[in-house]
Amino acid sequence: MAFFLEALLGGLMAGMLYSLVALGFVLIFKASGVFNFAQGAMVLFAALAMARFSEWVPAWLGLESKLVGNVIAFIIAAALMFVLAWLIERLVLRHLVNQEGVTLLMATLGITYFIDGLGQTIFGSDIYRIDVGMPKDPVFLLESVFEGGALVNLEDVYAACVAALLVALLSLFFQKTITGRALRAVADDHQAAQSIGIPLNRIWVVVWCVAGITALVAGIIWGSKLGVQFSLTTVALRALPVIILGGLTSVPGAIIGGLIIGVGEKLSEVYLGPYIGGGIEIWFAYMLALVFLLFRPQGLFGEKIIDRV
């Protein structure tokens, strides 16, 4: 029982991180119809900014408190992501309104390589460390429920809680605020939203800013766990099966899809790995996504893309 719970909890915590990255894809696609291949580069750029400013700010200001340095670094990195989002909308997307989907896709690919190069130019290309104080020692949970308890990594627990909190805040933002309701209206019908006075350009900037914040939080978490390196852009590839499974147009789908894939790959590795070989975690999500592409391409909660055109 303990072994099963360890795998289950590990999968749920990994799934929350996958969901966090997938949300960036879903939010931008819902609001603008753009499949943002640059989300992985945004995660890397945000993580680089956080890592470097957390080093530079204490040196510039003579701070001894790591907490204060990290808070200032987070604010600067968030402001940088806002500026980046505004520039992407102003310089690229605004000039591609009503263009073919492949044109928008190629534009986001170009943005990806530009952000990668810009990050390397500004922040360097070494492997950097983000230390936000999350404990890394494993702990035993649920010891009062059964003997021995379940061994989990405390850093993963904190990371999953942060991801869950951000997801909850985003849900409240979309449901309870005027801007959030405007974003939902734009997602449902661009022309109808414009007809009642909702400015699409401003909405797109807001969406890219929100995607930038999710990228920053995801970058901090992954950077704390793995170190900030340029292979971090591939974290977006882990989110692709999530949005295929949950649906490219569904925020709840991104969350549930991430949890399903996180749990599925962990349990498959633990229980099927000894019989069919290791490495199941590498390909499990993509095989599951392929099955959905064949039999339900819109995902569990998404709508058919053809219906949106």
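**Exercise 1.** Is Glu 281 buried, partly exposed or exposed, and what is its relative accessibility?

*Solution.* The structure is a predicted model.
Step 1. The relative accessibility of Glu 281 is 26%.
Step 2. Buried residues have under 20% relative accessible area and exposed ones over 50%, with partly exposed in between.
Step 3. Glu 281 therefore counts as partly exposed.

**Exercise 2.** Identify the residue with which Glu 281 forms a salt bridge, and state which helices the pair ties together.

*Solution.* 
Step 1. The partner of Glu 281 in the salt bridge is Lys 266, and their closest N and O atoms are 3.3 Å apart.
Step 2. Glu 281 belongs to helix α12 (residues 280-295), while Lys 266 belongs to helix α10 (residues 251-271), so the bridge ties together parts that are 15 residues apart in sequence.
Step 3. Lys 266 is partly exposed, its relative accessible area being 28%.

**Exercise 3.** Describe how α10 and α12 cross, and list the residues that meet.

*Solution.* 
Step 1. The two axes come within 9 Å and cross at roughly 135°.
Step 2. An angle over 145 degrees would count as roughly antiparallel, and 65 to 115 as roughly perpendicular; α10 and α12 are therefore oblique to each other.
Step 3. Their crossing is right-handed.
Step 4. On the α10 side, the residues in contact are Ile 260, Ile 261, Gly 264, Glu 265, Lys 266, Ser 268 and Glu 269; on the α12 side, they are Ile 280, Glu 281, Phe 284, Ala 285 and Leu 288.
Step 5. Sorted by class, this contact of α10 with α12 has six nonpolar, two polar and four charged residues.
Step 6. Lys 266 and Glu 281, the salt bridge pair, are included among the residues in this contact.

**Exercise 4.** Helix α10 also crosses α9; give the angle, the handedness and the residues in contact.

*Solution.* 
Step 1. Helix α9 covers residues 235-246, and its axis comes within 8 Å of that of α10, crossing at roughly 120°.
Step 2. The helices α9 and α10 are therefore oblique to each other.
Step 3. The crossing of α9 and α10 is right-handed.
Step 4. Helix α9 contributes Arg 238, Pro 241, Val 242, Leu 245 and Gly 246, and α10 contributes Gly 253, Ala 254, Gly 257, Gly 258, Ile 260, Ile 261 and Glu 265.
Step 5. The classes in the contact of α9 with α10 are six nonpolar, four polar and two charged residues.
Step 6. Ile 260, Ile 261 and Glu 265 of α10 take part in the contact with α9, and these residues also meet α12.

**Exercise 5.** State how many salt bridges the whole structure holds, and examine the one between Lys 66 and Asp 131.

*Solution.* 
Step 1. Side chains of opposite charge can pair when their charged atoms come close.
Step 2. A search of the whole structure finds five salt bridges.
Step 3. In one of them, the side chains of Lys 66 and Asp 131 meet at 2.7 Å, N to O.
Step 4. Lys 66 lies in helix α3 (residues 66-91) and Asp 131 in the loop between α4 (101-123) and β1 (138-141), so the bridge ties together parts that are 65 residues apart in sequence.
Step 5. Lys 66 is partly exposed at 49% relative accessible area, and Asp 131 is partly exposed at 23%.
Step 6. A network of salt bridges links Lys 66, Arg 129 and Asp 131.

Definitions and conventions: Residues numbered from 1 in each chain as written. Predicted model: local features only at pLDDT ≥ 70, side-chain atom pairs only at ≥ 80, totals over all residues. Heavy atoms only, no water. Salt bridge = Lys/Arg side-chain N within 4 Å of Asp/Glu carboxyl O. Helix = DSSP H or I, 4+ residues; strand = E, 2+ residues; numbered from the N terminus. Buried < 20%, exposed > 50% of the residue type's maximum accessible area, 1.4 Å probe, protein only. Axes fitted to C-alpha atoms, helices over the stretch in contact; angles between N-to-C directions. Parallel < 35°, antiparallel > 145°, perpendicular 65-115°, else oblique. Left-handed = near helix turned anticlockwise from the far one by under 90°. Contact = heavy atoms within 4.5 Å. Nonpolar A, V, L, I, M, F, W, Y, C, P; charged D, E, K, R; others polar.
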